[in-house]
Amino acid sequence: MAASTPHPKADTDSAQDRSISLGIDIGGTKIEGVAMDGGKHLLACHRIPTREGNQAVHDDTVTLIRHLLNQMGPNRGPVTVGLGIPGRVDADRGIVDDAVNLGIRHMDLGPAVAKTTGLPVRVENDVNIAALGAASQDGDTLVAPGTTPHSVAARNQARRPASEPGRDGPRALPDQDDHVVVFINLGTGLAAGIIRGGRIEHGASGAIGEIGHIPVDTHQFPCKCGQCGCLETVASGSAVEALWPGIAHPLPDLIAQASRGNQHAQEVQDIIGHGIALAVQIVALTIDPTVIILGGGMSKTGQPLLDLVTEYLNRSAACSHFIASLSLPDRLRLAPADLPIAAIGAALAGRMAADSRPSELIGKEIAS
Ligand SMILES: [Zn+2]
């Protein structure tokens, strides 16, 4: 009989295998959620439109959590939750301030969602969770200079065993390396997330990585922060929209027009290319990361963006042996456009926070 009795440790391992990490990325237009298992496999993904205001954000987040858990079935193990949201985030207390695009002035987001669901909840800034999610990726998903999406896909296909599902099925993420990754978010604004040894760096006031408001540019365009010449005014989605207006996806159009010899396009491309390369140099010279990942909405431009930034980094290297010695293009990568990296990062952040808490806080069932 003793032989058929499961070993207590086997029970623990089994519960860990069945554990579920939910990650929710609360954005200005959509809320995207993922469910991952204990082996960091992506199990489910779902998104809903964003509604503004504290109550709506709370209710929609809880709705998405319940939807994902229903998909997991009744035999799941302990559940953890990570939330990513724009604005100033006090990650230790789960508090959000000034998430302007969501209509939130101040909100006790983490405690409110934890109280409603009975689950352990971690809240992080949206750029930080995207950085954590991107840092969890490897050469199979990050695009390097000189490669094309086709060659990356072909390489992935070649490496993937026939029995392994593709992107739509479960896939394992690599273990965290003990190195430094900087994620430059080229969204409406410009900010960087820093991942050191697999963990998010927060700084003293939460303003770490706000490189978009370093005043460096000679054009002295006014910035919404009140200063002039901020890096964000020449290296962000809003910068491209302001300098190349009237186009739905301005950066791919700008690069295409410049390559066809349009002189004005070349002048604007010069400003943007120089600006993003400057952002890369700033993080390289202040943090000296192993890998620098370009992400955010602008990164969906793909290889042409990587080529543009590489060209401007090479220009700096051509006139400086010091900059050349840093091999910056070798460290540059593009975030995958077809993976919900922010929601994945939120799930990882929620799991890591729960792992450092007393075990009795983990594994409560969601309140119905
Ligand atoms: Zn500024």
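**Entry 1: the zinc ion**

I began with the spacing of the zinc donors along the chain, which reads H-x9-C-x1-C-x4-C. A reminder to myself: this is a predicted model.

Next I put names to that pattern. The protein donors are His213 through ND1, and Cys223, Cys225 and Cys230, each through SG. They lie 2.1 to 2.3 Å from the zinc ion.

What arrangement do the four donor atoms make around the zinc ion? I looked up the angles they subtend, and these run from 104 to 124°. Four donors count as tetrahedral if all angles lie between 85 and 135 degrees, so the arrangement here is tetrahedral. For orientation, I noted that the ideal angle for four tetrahedral donors is 109.5 degrees.

Cys223 has a relative accessible area of 11%, so I wrote it down as buried. Cys225 comes out at 38%, which makes it partly exposed. The cut-off I needed was that buried means under 20%.

**Entry 2: His58**

I moved on to His58, which sits in helix α2, residues 54–72. Is His58 buried or exposed? Its relative accessibility is 12%, so it counts as buried.

Who is around it? The side chain of His58 makes a polar contact of 2.8 Å with the side chain of Asp59. Setting aside neighbours within four places in sequence, I found His58 in contact with Met107, Ala112, Val113 and Thr116.

**Entry 3: a five-stranded sheet**

I traced an open sheet with the strand order β11-β10-β9-β12-β13 and mixed pairing. β11 (199–200) and β13 (332–334) are the edge strands; each has a single partner, so one side of each is left without a neighbour in the sheet.

β11 pairs with β10 (residues 190–196) in the antiparallel sense, over two bridges. Ile195 has Ile200 in β11 as its bridge partner.

Helix α8 (residues 263–287) packs on this sheet. I saw that it touches β9, β10, β12 and β13, and that its direction makes about 155° with that of β9.

**Entry 4: helix α4**

Last, I looked at α4, residues 126–135. How many of its 10 residues are buried? Nine are, so the helix is largely enclosed by the rest of the structure. Among them are Val127, Asn128, Ile129 and Leu132.

I also checked the N-terminal end of α4, which Asn125 caps. A side-chain oxygen of Asn125 lies 2.9 Å from the backbone nitrogen of Val127.

Technical notes:
Residues numbered from 1 in each chain as written. Predicted model: local features only at pLDDT ≥ 70, side-chain atom pairs only at ≥ 80, totals over all residues. Heavy atoms only, no water. Donors = N, O, S within 2.8 Å, 3.2 Å for Na, K, Ca; no water. Tetrahedral: all angles 85-135°; square planar, octahedral: opposite > 155°, others 65-115°. Buried < 20%, exposed > 50% of the residue type's maximum accessible area, 1.4 Å probe, protein only. Helix = DSSP H or I, 4+ residues; strand = E, 2+ residues; numbered from the N terminus. Polar contact = N/O pair within 3.5 Å; in protein donor to acceptor, adjacent residues only side chain to side chain. Contact = heavy atoms within 4.5 Å. Pairing = 2+ DSSP bridges. Axes fitted to C-alpha atoms, helices over the stretch in contact; angles between N-to-C directions.
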